[in-house]
Amino acid sequence: MMVAFFGSFTHLPVNAEPSNYKFDFGIGEVEKGYVGVSATEKYDEKKRYGFNTPEDMINVPASGSGVASDAVQFLEYGTKSDNTFNVDLPNGLYEVKVTLGDAFRVSVAAEEVYQVINMTGNNATDSFQIPITDGQLNLLITEGKAGTNFTLSALEINKLSRHPETKRTIYIGGDSTVANYYPLDSSIQAGWGQLFPQFVDPEIFQVRNMASGGQIARGFKDDGQLEAILKYIKPGDYFILQLGINDTNPKNTTTEAQFKEYMREMVKQVKAKGATVVLSTPQGRASDFNADGVHTSVNRWYRYSIIALAQEENVPLIDLNVLSSAYFTSIGPEATLALYMNGDTLHPNRAGATELARLVAEELKRQGLDGFTGDKEKNTNKTF
């Protein structure tokens, strides 16, 4: 039990540190098996946990139950902020699970980079793997949407290995048609990156979906998502990148030539890490049927530049635009519309995201890339 571990936590020698930790934040009743942590608790070397700058934290209520009935709020934030919750950990690989308090949209940062992008809704939960190489986890809740509250109700940390290196990883970059939606296991709307782990062999890969709604190539490159991937990506990993929908919006002032060069820069940086880059074209709208009942959207969203870039940089291409159109044509307009959100011809629902994820995985498998089962019923992998 965690209580037993922490009951004598300050007296444990380093080599006897526990392999799992559970923190319940706020000033309400502490759940059984958790360690209660108030916003006022400063990091202490003897306790081995606490806030680095508790003056920038406050205790707040939350609308959930159990550990989610109260929380702490981060008043100072940003991936480089020193207003972190610190936990001393022996070097190794850990799985970290966060439970938010009341929050509209927030991201999770650790080790000065994003770990989870745009968690939404009160008491949302998500997990990620992280290698610890300096003896301490430094975590904070930060911007998903500026001007909203950034809160944390609970934190669970489990040691997976004494070796501080993740298993092979598939990183995914993209926009709202690719991103995660919460709760992860039951959301009505979903991006294909969220459902993609169902088609990946969990013995070979974990999946890290870094896509976010509204994203453009320049933003993904410059605003922290690529930085997080570059910190951890290694030979044997994949990076699947699908952008273009929002880049074509006039408000983002991105020409097709600029888009292509932003994408090229990301391709080159990831290739320099020894990982495999895969480019994907975006699927079309549900309404892209012609009078003959054929779905086609080949002129949308800078598709030709994505194809050209894949050829120029000699990286695999998933032409999801064409693959999805062939599938939509086969099932017809009515069934295609049923795969999208009500009244929305751009964003897939959970069923639609599942079909798009299947098409991506099948195409990767067809091209000879390893790790794709193509059979969601045999796969219990999860997104980190």
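The tour below goes from a sheet to a loop and then to the cores.

Before you click, note that this is a predicted model, where local features need pLDDT of at least 70 and side-chain atom pairs count only at pLDDT 80 or more, while totals for chains, interfaces and linings use all residues. Residues are numbered from 1 along each chain as its sequence is written, and side-chain values use heavy atoms, with hydrogens and water left out.

**Stop 1: the sheet.** Select β3, β6, β11, β8 and β9, which form an open sheet in that order with antiparallel pairing. Strands here are DSSP runs of E with at least two residues, helices are runs of H or I with at least four, and both are numbered from the N terminus; two strands pair if DSSP finds at least two bridges between them. The edges are β3 and β9, each pairing on one side only. From one strand to the next, the twist averages 20 degrees.

**Stop 2: strand β8.** Now pick residues 105-110. Five of the six residues of β8 are buried, meaning under 20% relative accessible area, with exposed over 50% and partly exposed in between (1.4 Å probe, protein chains only). Five antiparallel bridges pair β8 with β9 (residues 113-120), and Arg105 stands opposite Thr120. The two strands make a hairpin with two residues between them, and Glu111 in the turn has a positive phi of about 55 degrees. β8 also pairs with β11 (residues 136-143), antiparallel and over five bridges; Ala109 has Leu140 as its bridge partner there.

**Stop 3: strand β6.** Select residues 85-88, which four bridges join to β11, antiparallel. Asp88 is the bridge partner of Gln136 in β11.

**Stop 4: Thr53.** This residue sits in the loop between β3 (49-51) and β4 (57-61). Is Thr53 buried or exposed? Thr53 is buried, with a relative accessible area of 10%. Show the side chains of Thr53 and Asn83 to find a polar contact of 2.7 Å (a pair of N or O atoms within 3.5 Å; within protein, one must be able to donate a hydrogen and the other to accept it, and residues adjacent in sequence count only if both atoms are side-chain atoms).

**Stop 5: the cores.** Finish with Phe23, Leu139, Ile157, Phe239 and Leu279, which touch the most other members of the largest nonpolar core, a group of 69 residues. Such a core is a set of buried Ala, Val, Leu, Ile, Met, Phe, Trp, Tyr and Cys residues joined through side-chain atoms within 4.5 Å. Helix α5 (residues 256-272) gives this core its largest share, six residues. Apart from it lies another core of 33 residues, including Tyr181 and Ala357.

Terms used
Axes fitted to C-alpha atoms, helices over the stretch in contact; angles between N-to-C directions.
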